[in-house]
Amino acid sequence: IDNPEHIYDKTDTCYQVSLEVTNFDGCTDVITEEVCLFGTLEVDFSVSNNYEGQPTIFYANYGPENDSVASYSWNFGDGMPIETTYYETIEHIYSSTGGYQVELSAIDTNGCLAQITHEVVIYPLPIAPAFPDSNAIWNTIGVNNLLNANWHFRYGLIGDTLMSTTKDSFVYHKIYQLGDSILSLTNSTYYGAIRATADKKVFVKLPDLPESLLYDYSLEVGDTAWFTVGGGVCEDQAEFWEESHYKVVNLIDSVMLLNNETRYRWHFQDGDTWIEGLGSVAWFGLFNPLITSYSYCGDSYSFACFKEDERALYINQPDCETCFCDMLLSVDEPSYHTSFLSIFPNPVKDRVHLSINNQEVNNGQYQVFNAHGQLVFESEYRNNQITTIDTKNWKSGLYIVLVRSTQGLIDKGTFVVE
């Protein structure tokens, strides 16, 4: 037979195939070649953050038998050049909404090719409210190293009031300084008022001071925000006064809140950071745009969290239980008194590495939970082996690592994703 067919029942196996040829004179010749069979390359992909003007993230994945993909080539379907990468994750920005036919081609080290095409729908970026009008709480944690004292600056919005400025009257939302983490008016003190405008500006009216800009969510990179009220904090006392100062926008990107909403985020040259519809998430929190005097009284401040309608939308505090979530308090203590769990780096940007160094515990399980107690990662571990977790697309905040074996909970630790 000139062109025979043969079915092999094993992949990833090499066979010695011989061909013997005999002519009409009875002369023969034999040639032997090695034929190696490989499994079929299977590839697919998924997407996240598919919003107009934002980095849409593509994740390539392949079948369990394929662990040797050499490269990925992406055709994003919007007329841009094909991009080739050696990594499984890639970002691409679409300038318009709509459906795009995205094709992924993968080649493994054996030269096998696989392709898959999916339609990816790009949506308009969600429009966030200019600012909450009620049931919102901001919490800043303060500490004084000289006095060994701790305190909270908690502000909440509830109720409306009609107030007059120099020329006009507006409806404002009342700001209360809270005595606890809920809007308990019995233990709260009226502090000021806020109003938002259709052009994405937020103004604040503090007692005995003129109205001042607080936030401007229409700013572009390089723009300047001017304020007419300044302030400072010292030993658990915040004070405000008339003062002209400004902030310059350094960068604008986006962030995903804990309820999976994507919102714009502004970074300023002085280190302040705003999130659309939420406000400052740096240093003194809600009023940080007005605070111009960094204290020399031994104080240190950290914006802890924001919640609305009793649901936390942003957490930026490693000691989560001091904010609004008590989940961490319910974690049992490990059976070992000496910690042998290594977490590095910490804080985390793109990847975190976990390792165990204890000869008594060879095998077990990692469990990683977010600040709401949701399991976000789980895998087996072996002693003295490093487990790497890709956190590039995780939400910023606190994560808890539990290490379990047949002996129960044997260690725990935390890390923060920036």
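Start by selecting Met256, Leu257, Leu258, Leu313, Tyr314, Ile315, Lys395 and Ser396: together they line the largest cavity. Keep in mind as you click around that this is a predicted model.

With those residues shown, how big is the space they surround? The volume of the largest cavity is about 40 Å³.

Now colour by strand. Which strand gives the most to the lining of the largest cavity? That's strand E23, residues 311-315, which contributes three residues.

Next stop: Arg154. Select residues 149-164 and you have strand E11, with Arg154 in it. Is Arg154 buried or exposed? Its relative accessibility is 10%, and the cut-off for buried is under 20%, so Arg154 counts as buried. Show side chains here and bring up Asn139 too: the side chains of Arg154 and Asn139 make a polar contact at 3.3 Å.

Ile31 has a relative accessible area of 46%. Why does that make Ile31 partly exposed? Because partly exposed runs between the buried limit, under 20%, and the exposed one, over 50%, and 46% puts Ile31 in that range.

Terms used: Residues are numbered from 1 along each chain as its sequence is written. This is a predicted model: local features need pLDDT of at least 70, side-chain atom pairs count only at pLDDT 80 or more; totals for chains, interfaces and linings use all residues. Side-chain values use heavy atoms; hydrogens and water are left out. Helices (H or I, at least four residues) and strands (E, at least two) are DSSP runs, numbered from the N terminus. Buried means under 20% relative accessible area, exposed over 50%, partly exposed in between (1.4 Å probe, protein chains only). A polar contact is a pair of N or O atoms within 3.5 Å; within protein, one must be able to donate a hydrogen and the other to accept it, and residues adjacent in sequence count only if both atoms are side-chain atoms. On a 1 Å grid over the protein atoms alone, a cavity is a set of points where a 1.4 Å probe fits but cannot get out, and a pocket is an open set with protein on both sides within 12 Å along at least five of seven lines; lining residues have an atom within 4 Å of a point. Grid points are joined across faces, edges and corners, and a volume is the space filled by probe spheres set on the points.
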